There are 2 protein chains.
Amino acid sequence: MDDDAPGIEPGTPYLAVDLDILDRNLRGMAAGAADRGLALRPHAKTHKCVPIAQRQLAYGAAGLTVATIGEAEVFAEAGCTDLFIAYPVWASDARARRLRALAERVTLRVGVDSPEAAALLARALVGTGAEVLVEVDSGHHRSGVEPASAGTVAVAAARQGLPVRGVFTFPGHGYGPGRRADAAADEAGALVAAAAALEAEGIDAEVRSGGSTPTADLTDGDVLTEFRPGVYVFGDAQQVELGSCGWPDVALTAVATVVSRSGPRVILDAGSKVLGADQPAWVTGAGRLPDHPEARITALSEHHATVVFPADRPTPGLGEQLRVAPNHVCSAVNLADELVIVSDGRVADRWAVAARGANT
Amino acid sequence: MDDDAPGIEPGTPYLAVDLDILDRNLRGMAAGAADRGLALRPHAKTHKCVPIAQRQLAYGAAGLTVATIGEAEVFAEAGCTDLFIAYPVWASDARARRLRALAERVTLRVGVDSPEAAALLARALVGTGAEVLVEVDSGHHRSGVEPASAGTVAVAAARQGLPVRGVFTFPGHGYGPGRRADAAADEAGALVAAAAALEAEGIDAEVRSGGSTPTADLTDGDVLTEFRPGVYVFGDAQQVELGSCGWPDVALTAVATVVSRSGPRVILDAGSKVLGADQPAWVTGAGRLPDHPEARITALSEHHATVVFPADRPTPGLGEQLRVAPNHVCSAVNLADELVIVSDGRVADRWAVAARGANT
């Protein structure tokens, strides 16, 4: 940032968050959860910011989801008391000690997808009250067991003395054009099958947790008990291109300056070290310009975005500031030390990305 | 990191640098520069680390290249006295004040590619002794003017009172299979033409600066006076797949743990928030495993790498630690707060990524 004083427009590139849009997104998801009787446990990996977590909880979130012990430590330190590490944590050595310290401090749930991981978790957690959820694969083919095998993992965990509270999945295969409905159906099917597998072993799957931003509207409140969307707080170019939000819902953009231009091409000073390099095959570029939806980011270097405008449109001039929606906002936030909070067109605050880089 | 004490193996995921390979890479590039009479001005955006900059200078680098004023400030603070910001800096407002403060402290060169940018640079820099180089496009089609137009920009800068020292380019189109030789030839041709354009205006192009890691071996020492490779210090999966280095030259890897497995698929705890998401169309995956060259990273989430092993090979077990070379090491380094320095198989030190996130 060029200037550190609050209220002063910072130097580009920086990440700006529209507070009113953010607030609308937070309230909207909370209302949608309440309507369906679903517990909302938003994934804090997207924002990594304490003030946003506090707002989510104030609007009725049951607790937070995180991906790492490090993220959990940051939010526990900030006073969050109910955390789910939605990850198959391998609790060896120092990780076991950190996990136990967390469990002694907050209400903690941890993911597990193998008897071996359960054994390590048991050494760390038995006696603390921490619970586990069995991770199942609903079609994304990442971590998680087949639903039919969830009982085996649950039994192994229970025999080690871990309280098994239920099952969870991430329907990440919904990140693709036209795939949201199928992914939501797969999610519900996998959680039903996994819950049945646990119940066949005499273990009640009281918690059936799923969810992602693309599938959030389609989450089946008759099957799931909670969902864990993350990206909805900010939106991003991917979500717009998937159809799960519109430009008016995009709360976070990188503000960038035109530093070079040539014909229909302008170069912005926000590159992959600001926006992140995420670019799945189905997106139309390396991010989008909400105020110029006809423009395309055709290339991204570390400090350059190459933006091409249609030949019949005027191209922005040197020194102009443009807003860029990253493809994947979680990556962009994790590159920044702070977010610049804008309200009514003025810089209102700066929020630290407190869990930036908390990867362990 | 799980443990902060030096000498203790940190918790995964973390970035490890083999000090002996790093040192060999640094010496090798310095020797190659000396052999051809080229000044080596390595790009510090790759490592962002003071101890590596100091080694580069000790081995004979003429100075450092950086991409932003923020990076320049970090290395100036660390005692580096000769810096080139190889970027078309738009020196408005606070950026102008920071640039002037830098120029009063170190020997400074800055890139320029338009008369408008030259006017702003002049307001910031005239009288400080700072010099400019005109950026030309040698085929990468990012920033920079056509070589024939370099004279126009140089004249504009000189009329504003800026000392014009020469021309520079980045042959980034050499990042593609079989394109290194053409890119190096384009680079030399563009710099010859741009230098002629300056000389036609009575301005001596004493400095003709180019270079990148893929083209470094091919840099024409009869045309160029200096080159600016960055990635060579560490190497990465992209460079190996391009053929510009081999696995024994890769000094930096992410150390990750197998947290889940299913058939030929294992899941590592290093995802895009550790490795970066860079994946040009021509690479074979989202990073590579130097110790398992037959394995492929078929998908990357924020905290998961999905690695597929050939059916006839044993897959690593749960809890095993594997090394992953990121596709683009500059992105991976910029995600980390520190690098774990390994020598003779032991943790020898930890180096701060001092310029991490220095994007303005």
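Mentor: Before reading the sheet, recall that two strands pair if DSSP finds at least two bridges between them, strands (E, at least two residues) and helices (H or I, at least four) being DSSP runs numbered from the N terminus. This is a predicted model, in which local features need pLDDT of at least 70, side-chain atom pairs count only at pLDDT 80 or more, and totals for chains, interfaces and linings use all residues. Residues are numbered from 1 along each chain as its sequence is written, while chains are lettered from A and ligands numbered from 1 in the order in which they are written.

Trainee: What is the strand order of the open sheet in chain A?

Mentor: Strands of a sheet pair through backbone hydrogen bonds, either parallel or antiparallel. Here the 8 strands of chain A follow the order 2-9-8-7-6-5-4-3, with parallel pairing, and the edges are strand 2 (39-40) and strand 3 (64-66), each of which pairs on one side only.

Trainee: How many bridges join strand 8 to strand 9 of chain A?

Mentor: There are 2 bridges between strand 8 (residues 207-210) and strand 9 (residues 226-227) of chain A, and A:Ser209 stands opposite A:Glu226 in strand 9 of chain A.
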